[in-house]
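The following exercises ask the reader to work from single residues towards larger parts of a protein chain.

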Amino acid sequence: MPNLVVVGAQWGDEGKGKIIDLLAEQADVIIRFQGGNNAGHTVVLDTGEEFVLHLIPSGILHPGKRCVIGNGVVVDPEALIAEIDALTGRGIPVTDQLLVSDQAHLILPYHKMLDKFKEAKVGPGKIGTTGRGIGPCYTDKAARVGIRFADLLDDAVFRQKLRYNVEEKNELFTTLYHAPTIHFDEIYAQYARARERIARYACNVTVVLNQAIAAGQSLLFEGAQGSWLDIDHGTYPYVTSSSATAGGACTGSGVGPRHIDQVLGVAKAYTTRVGEGPFPTEFPPALMEQIRTKGKEFGATTGRPRRCGWFDAVLVRQAILVNGIDELAVTKLDVLDDSPTVKICTGYRLDGRVVAEPPSTIEAWGRCEPVYEEHSGWLADTAAATGVEELPRPARAYLRRLADLLQTKISIVSVGSRREQAFRVG
Ligand code: IMP
Ligand code: MG
């Protein structure tokens with residue numbers, strides 16, 4: 001298999017976990033390169049067993065695959081340990097096949113507190129974060145006061161950096177948020193304990209991955225969140241704080257762009273979003289309820305109900321450009337099975353004009369009205385289809401129209417959560 005990057009083409013939850021799980025079979029190394037345990041990648045095995053992974057690459061469910069957490073990921077040691085223990089408890093031991101970049105930044109308790117304080121303070125302008133401390137951790141990384149995994153492994157360095165941060169955050173807590181102060185000793189003890197457990201996974205990921213490339217192994221990069229949550233390319237400020245687009249695979253792992261052979265975008269047959277921010281094709285309440293129930297659209301990390309809407313070709317077209325997407329996987333087609341009509345958004349009406357490209361400001365996003373094409377639905381069960389030829393004619397027409405509008409080949413279609421409910425096209 002070529003070295004492949006898999007990214008979400010919408011606002012996350014496109015079903016990347018399932019697609020990664022399918023592709024992992026043919027890959028040697030599976031790599032997370034950004035985000036942290038804000039992600040929730042759901043994988044259902046042949047046995048019907050469901051796993052939700054937050055930090056460890058979904059490849060872990062395939063015995064013998066190497067799983068790498070790159071430098072671009074922010075790692076909460078407690079979350080990592082909890083995930084290792086949960087997997088081990090379910091018969092999937094996490095041993096030396098897991099590698100974590102010693103350059104990855106660590107999430108500390110004050111990041112999680114700041115995440116909540118910030119969200120509470122801004123009130124109506126809140127982002128609707130997952131509350132995992134992701135934004136504040138990346139803030140510290142950019143501010144050059146972050147603590148990296150390698151820092152934790154050197155006790156003197158860790159003490160010094162933690163002391164500095166506790167002092168800095170306490171000043172912020174008391175003056176800006178009127179919150180109680182935090183204590184060095186407690187955090188130190190907690191992280192020193194965690195160190196005992198996770199030190200064995202630390203390594204120079206750049207060297208390991210480049211050695212794998214030199215040995216002819218294939219790399220599978222597992223994007224988290226989605227293109228429209230990307231810090232640079234998303235609906236800023238309603239985004240996450242990492243590079244969720246394909247370029248992040250290089251910066252977040254230390255693999256050069258020449259080694260990336262292919263970019264696969266994953267898009268749902270409709271659209272969802274968790275948290276606040278613009279969403280032009282969002283359903284009215286009745287339809288929202290119907291699709292949310294049928295699609296089980298509740299966050300895998302926070303349990304929040306996801307907002308649902310029609311497929312938005314404006315979004316996915318731009319995601320194709322930003323990522324250099326070669327091919328698309330379209331997931332959850334079966335969720336539209338009961339819809340008498342299906343709509344595709346082809347452009348926006350903005351200030352009296354129809355535009356085919358996304359607007360530039362969040363204010364303009366708020367004024368966008370979707371322009372729809374309406375297609376007849378298929379009103380038939382697609383969940384058992386094992387090939388595109390088994391899909392009802394209107395479903396095939398729908399997929400063909402999407403590929404046409406997006407000028408991109410749809411190479412995988414998924415019609416349910418189980419491994420066998422997906423097939424290649426063409
Ligand atoms: P944060 O990543 O927790 O800072 O949250 C920022 C925004 O990204 C919020 O709207 C979250 O709901 C959203 N978000 C973060 N991670 C995911 C994900 O894995 N799937 C979907 N939305 C996410
Ligand atoms: Mg998810």
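Thr408 counts as buried, because its relative accessibility is 7% (buried means under 20% relative accessible area, exposed over 50%, and partly exposed in between, with a 1.4 Å probe and protein chains only). The model is predicted, so local features need pLDDT of at least 70 and side-chain atom pairs count only at pLDDT 80 or more, while totals for chains, interfaces and linings use all residues. Residues are numbered from 1 along each chain as its sequence is written, chains are lettered from A and ligands numbered from 1 in the order in which they are written, and side-chain values use heavy atoms, with hydrogens and water left out.

**Exercise 1. Describe the surroundings of Thr408.**

Step 1. Locate the residue: Thr408 is found in the loop between helix 13 and strand 19. Helices (H or I, at least four residues) and strands (E, at least two) are DSSP runs, numbered from the N terminus.

Step 2. List the contacts (heavy atoms within 4.5 Å). Leaving aside residues up to four places away in sequence, Thr408 touches Ile320, Ile325, Asp326, Glu327, Leu328 and Ala403.

Step 3. Consider the side chain: that of Thr408 reaches the backbone oxygen of Leu406 at 2.9 Å. Such a polar contact is a pair of N or O atoms within 3.5 Å; within protein, one must be able to donate a hydrogen and the other to accept it, and residues adjacent in sequence count only if both atoms are side-chain atoms.

**Exercise 2. Is Gln407 buried or exposed?**

Step 1. The loop between helix 13 (393-406) and strand 19 (409-414) also holds Gln407.

Step 2. Since its relative accessibility is 69%, Gln407 counts as exposed.

Step 3. Examine the backbone: Gln407 has a positive phi of about 55°, although it is not a glycine. For comparison, most residues other than glycine have a negative phi, and most peptide bonds are trans.

**Exercise 3. Which residues coordinate the magnesium ion (ligand 2)?**

Step 1. The donors are Asp13 (OD) and Gly40 (O), at 2.1 to 2.5 Å. Donors are N, O and S atoms within 2.8 Å of the metal (3.2 Å for Na, K and Ca); water is not among the atoms, so sites may look incomplete.

Step 2. Asp13 lies in the loop between strand 1 (4-8) and helix 1 (16-24), and Gly40 in the loop between strand 2 (29-32) and strand 3 (41-44), so the pair ties together parts that are 27 residues apart in sequence.

Step 3. Asp13 counts as partly exposed at 24% relative accessibility, whereas Gly40, at 14%, counts as buried. Asp13 also has a positive phi of about 60°.
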